[in-house]
Amino acid sequence: AFMFETCYMMKVTEHSMEEENRDLTYVKDSWSNLKKKFDPTKKNIQDRLEENNLVRLKIQNQFNRIFV
């Protein structure tokens, strides 16, 4: 498997959708075991951004204490 990013629109070709060797169970096999962690009722986005900023500052301070 591989991944890449592009700014161009991409689509699956008819030929690839008709191939017999395509992986029909890819989504189930690859992603079904991942646990959902997002709870939209837990906090609003502003609280999450503030938490992320606090964590970032804490890490930055630890880095500065060690390397500066």
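**Figure 1. The aromatic pair of the chain.** By the ring-centre rule applied to this predicted model, the count of aromatic pairs comes to one. The partners are phenylalanine 63 and phenylalanine 67, whose rings are 4.8 Å apart from centre to centre, with 40 degrees between their planes, an arrangement that is classed as tilted. Because planes under 30 degrees apart would count as stacked and those over 60 as edge-to-face, an angle between these limits leaves the tilted class. Both phenylalanine 63 and phenylalanine 67 belong to helix α3, which covers residues 45-67, and they are four residues apart there, about one turn of the helix.

Figure 2. Is phenylalanine 67 buried or exposed? Phenylalanine 67 has a relative accessibility of 60% and therefore counts as exposed, since the exposed class begins over 50%. Phenylalanine 63, with a relative accessible area of 48%, is partly exposed.

**Figure 3. Lysine 35 in the loop between α2 and α3.** Lysine 35 is placed in the loop that lies between α2, residues 26-31, and α3. The relative accessible area of lysine 35 is 73%, so this residue is exposed. Between the C-alpha atoms of lysine 35 and phenylalanine 2, which are 33 residues apart along the chain, the separation is 22 Å.

**Figure 4. The largest pocket and its lining.** Which residues line the largest pocket? The lining is made by Phe4, Met10, Lys11 and Val12, and by class it has three nonpolar residues, no polar residues and one charged residue. The volume of the largest pocket is about 200 Å³.

**Figure 5. The whole chain, as context for the close-up views.** The secondary structure comes to three helices and zero strands, and the pattern read along the sequence is α-α-α. With a radius of gyration of 21 Å, well over the 11 Å that the globule rule gives for 68 residues, the chain is more spread out than a compact globule. Taken along the principal axes, the box filled by the C-alpha atoms is roughly 55 × 35 × 25 Å. Buried residues make up 0% of the 68 residues in the chain, and the chain exposes about 7700 Å², of which carbon and sulfur atoms supply 58%.

Methods. Residues numbered from 1 in each chain as written. Predicted model: local features only at pLDDT ≥ 70, side-chain atom pairs only at ≥ 80, totals over all residues. Heavy atoms only, no water. 1 Å grid on protein atoms, 1.4 Å probe; cavity = no way out; pocket = protein on both sides within 12 Å on 5 of 7 lines; lining within 4 Å. Points joined across faces, edges and corners; volume = space filled by probe spheres on them. Nonpolar A, V, L, I, M, F, W, Y, C, P; charged D, E, K, R; others polar. Helix = DSSP H or I, 4+ residues; strand = E, 2+ residues; numbered from the N terminus. Rg over C-alpha atoms; globule rule 2.2 N^0.38 Å. Buried < 20%, exposed > 50% of the residue type's maximum accessible area, 1.4 Å probe, protein only. Areas by Shrake-Rupley, 256 points an atom, 1.4 Å probe, with all protein chains shown as cover. Phe/Tyr/Trp six-rings, centres within 6.5 Å; stacked < 30°, edge-to-face > 60°.
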